[in-house]
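The structure is shown first, and the notes follow.

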Amino acid sequence: MFRAKKGPKSAQARFVFIVLTPIMIFFGVITLVPFFSDIVLAFLRYNLLKTRPTAFVGIGNFIKILSDSMFWLSLKNTFFYVILIVPNLIIWSLLAALAINASRKGKAFYRASFFIPCITSMVTVVLVWKFILLPTGLINEFLKAIGLSTKAWLGDTRTFPWAVSVMMIWQQLGYGTILFLAGMDGIPGMYYEAAKIDGASNWHCFWHITFPLLKPVLLFVLVIMTIWSFKIFDPIQILRAQPVNSVIVFYIYQNAFSYLKLGYGSAVALVLFAIILAFTLIQFKVLRKKWEY
Amino acid sequence: MRESKYIPQLVLHIVLLAATVIMVGPFIWGLLAAFKPSGEIIAIPMTFLPKNPTLRNFISLFSREGIPFGRYYINSTIVTSIVVAGTLFLCSLTGYIFAKFSFPYKNLLFFTILATMMIPFQVLMIPLYLMFFRMHLVNTYPGLILPCLITPFGIFLMRQFIETIPTDLIDAGRLDGCSEFGMFLRLIVPLAKPAMVAYGIFCFLWTWNDYLWPLIIINSVKLRTLPVGISSLSNVYGILYGEVLAAVMLSIGPVIIAYLVFQKHFVSGISLTGLKG
């Protein structure tokens, strides 16, 4: 195809070749090369202060990971976030979408307002909530006013994960809501009319029409949100969380850029990748089978 | 019987309005606090509207030693503009080629691009940093910009959209003697506008709000982007909540304004493509 030909075909071929080659090389350099380097790095002991890796340790890094209590703690914390955030996110954004969908006026207004936290940066969300969650902040004042006890939400390491989870759910809620709303827009009104004529109640309509037809959107949101929750990092770093509140991405970051142990950090990163991949595949397999007609 | 329809709607609206307050309230609270003097912010009992509204927080923000807030803004603007322009160009060009041309290994290449979407950035960040370290790109604008210039999702999105453009139009252009690249600029780009707007917004939000990569690649104060800069501000001058919140409000200002103006595009972009920040 790249032989010198006369005519328009060769102009096309040249165009493709000249444009695509540098772009693909560039893409490979910033995506594929790092990926494979990461795999290689995971098998090395490499301190960033030295210009060359110091030793090939084979699976030594991975074995170290198994007995690394900080790793397991970070992983446990990460799972906490995944388990707390994902179901809440789905339930609340679905409820919000149902509510907005049912309202006759102001749909666009509600949809737009719910989405505002999504467009702000994580730093913004964390700092605004840090202010609200102060021991003397809005939340505690509110709790005092209705007679409940106050807590140091972000200062206490036991309440810290709960507070961060609320922040994350709050931020991403709008995203799920918009996707569910878009899904609901795709359901023909006829179905509901026909069901109502047959005497179906609202709950009936939801469970037998809305919910089944939203399943693809649900699966999508579930997978995306799970992957996202595994990668939570910003609040932990911005709030200077205690080591006992560390998450896996923070642990990777610490190893690579604070302790300068690039090889070990890469190994942990690969483990995270494997976990995310496994979760995604499982979700697809299990839920697709059950949910597709 | 008709009357009973209004009550459920009323209840619904009350609930939704309460929810809206929860969603937007924290920002409003932060905005109000930005105009309160430091004493009033942590005072008990709490005030809602500022008793002594002041601009001092904003002013001292710009005169803090070691925290060049104006620079952060400029850096974020420069980086985001270049990234958005660059990625729109590269992704639409690549998407066009994958959509409308055939060449050897095309399917394999496209499949590889899609596969890389599964790789989280956290896996790439260490070797990427190492690579940039060796190329002396750490702590530079190119270091900030380059990894964001082309993404698999962008290529995928543009390709899917451009595929729907009738090939007859392109053939007609060729018959008229238009150059291949000219065809891209004059024919494809205008027709691909919806996809470019959706992806452009996504890219803008992602780059403007990005925290992890700028955190890694930049270590001098002068080159920090807004998210990293504000985070360090809050850690150094943490007790000056007024200033921190003023900084936060200034940083989300442009985003909120752009959002309110281009609302439809934001929402339809997400609905169509499922892209998230």
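Helices (H or I, at least four residues) and strands (E, at least two) are DSSP runs, numbered from the N terminus. The model is predicted: local features need pLDDT of at least 70 and side-chain atom pairs count only at pLDDT 80 or more, while totals for chains, interfaces and linings use all residues. Residues are numbered from 1 along each chain as its sequence is written, chains are lettered from A and ligands numbered from 1 in the order in which they are written, and side-chain values use heavy atoms, with hydrogens and water left out.

**Cavities overall**
- Searching the whole structure gives three cavities of 30 Å³ or more.
- A cavity is a set of points, on a 1 Å grid over the protein atoms alone, where a 1.4 Å probe fits but cannot get out; lining residues have an atom within 4 Å of a point.
- Grid points are joined across faces, edges and corners, and a volume is the space filled by probe spheres set on the points.

**Largest cavity**
- Its volume is about 80 Å³.
- The lining consists of B:Ser76, B:Val79, B:Thr80, B:Leu144, B:Cys148, B:Thr207, B:Trp208, B:Asp210, B:Trp213, B:Pro214, B:Thr225 and B:Pro227.
- Two or more of these residues come from each of α4 (69–100), α11 (193–209) and α12 (212–217) of chain B.
- α4(B) gives the most, with three residues.
- By class the lining has seven nonpolar, four polar and one charged residues; Ala, Val, Leu, Ile, Met, Phe, Trp, Tyr, Cys and Pro count as nonpolar, Asp, Glu, Lys and Arg as charged, and the others, Gly among them, as polar.

**Second largest cavity**
- This cavity holds about 50 Å³ of space.
- Its lining draws on A:Ser121, A:Val123 and A:Thr124, and on B:Trp208, B:Asn209, B:Leu226, B:Pro227, B:Ile230 and B:Ser251.
- At least two lining residues each are supplied by α5 (122–132) of chain A and by α11 and α13 (226–236) of chain B.
- α13(B) gives the most, with three residues.
- Five of the lining residues are nonpolar, four are polar and none is charged.

**Helix crossing in chain B**
- The axes of α5 (residues 106–116) and α8 (residues 152–163) of chain B come within 8 Å and cross at roughly 130°; axes are lines fitted to C-alpha atoms, for helices over the stretch in contact, and angles run from 0 to 180 degrees between N-to-C directions.
- α5(B) and α8(B) are therefore oblique to each other, since angles under 35 degrees count as roughly parallel, over 145 as roughly antiparallel, 65 to 115 as roughly perpendicular and the rest as oblique.
- B:Phe110, B:Ile113, B:Leu114 and B:Thr116 of α5(B) meet B:Pro152, B:Ile155, B:Phe156 and B:Arg159 of α8(B) in the contact (heavy atoms within 4.5 Å).

Key. On a 1 Å grid over the protein atoms alone, a cavity is a set of points where a 1.4 Å probe fits but cannot get out, and a pocket is an open set with protein on both sides within 12 Å along at least five of seven lines; lining residues have an atom within 4 Å of a point.
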